[in-house]
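This briefing covers the fold, the surface and the charged side chains of the model shown below. Definitions are given where a term is used.

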Amino acid sequence: MAVLKIDGNNFEEKILKAQGTAVVDFWADWCGPCRMFSPIIEQLAKEHPELTVGKINVDENLELAEKYRVMGIPTLLVFRNGQVAATSVGVKPKRALEEMVG
């Protein structure tokens, strides 16, 4: 499955109401570590079609970043049944992400 572009208009439908596990990457265009993390997120989505994987640009969606207390980027949130089940800040290897969502 492809990585979804998530914003305030589709967050509830695509993430909070997702069947199973949803993974959201909070990022920004100017963030070097975010650019390093992006291919890992893409690979996670491709190799795990059972996951809903999305990216939220913090500059364009400040309200969502504030709501989920995103203080540094990249921040990855794992949602299960509409609730945050796990949080990770910084670039992590794909294996660590798979363990988080497993």
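A salt bridge is here a side-chain nitrogen of Lys or Arg within 4 Å of a carboxyl oxygen of Asp or Glu. This is a predicted model, in which local features need pLDDT of at least 70 and side-chain atom pairs count only at pLDDT 80 or more, whereas totals for chains, interfaces and linings use all residues. Residues are numbered from 1 along each chain as its sequence is written, and side-chain values use heavy atoms, with hydrogens and water left out.

**Fold and dimensions**

- The protein chain holds four helices and five strands, where helices (H or I, at least four residues) and strands (E, at least two) are DSSP runs, numbered from the N terminus.
- Their order along the sequence is β-α-β-α-β-α-β-β-α.
- The C-alpha trace spans about 30 × 25 × 20 Å along its principal axes.
- Among contacts (heavy atoms within 4.5 Å) with a separation of 6 or more, 72% join residues 24 or more positions apart.

**Burial**

- Of the 102 residues, 48% count as buried, which means under 20% relative accessible area, with exposed being over 50% and partly exposed in between (1.4 Å probe, protein chains only).

**Salt bridges**

- A search of the whole structure gives five salt bridges.
- R95 pairs with E99 in one of them, with the closest N and O atoms 4.0 Å apart; both residues lie in helix α4 (residues 94-101), four residues apart, about one turn of the helix.
- R95 is exposed at a relative accessible area of 64%, and E99 is exposed at 60%.
- K17 and E12 form a salt bridge with a closest N and O separation of 3.7 Å; K17 counts as exposed at 56% relative accessibility, whereas E12 counts as partly exposed at 46%.
- K55 and D25 meet through their side chains in a salt bridge of 3.0 Å, N to O.
- Because K55 lies in strand β3 (residues 52-57) and D25 in strand β2 (residues 21-27), this pair ties together parts that are 30 residues apart in sequence.
- Both K55 and D25 are buried.
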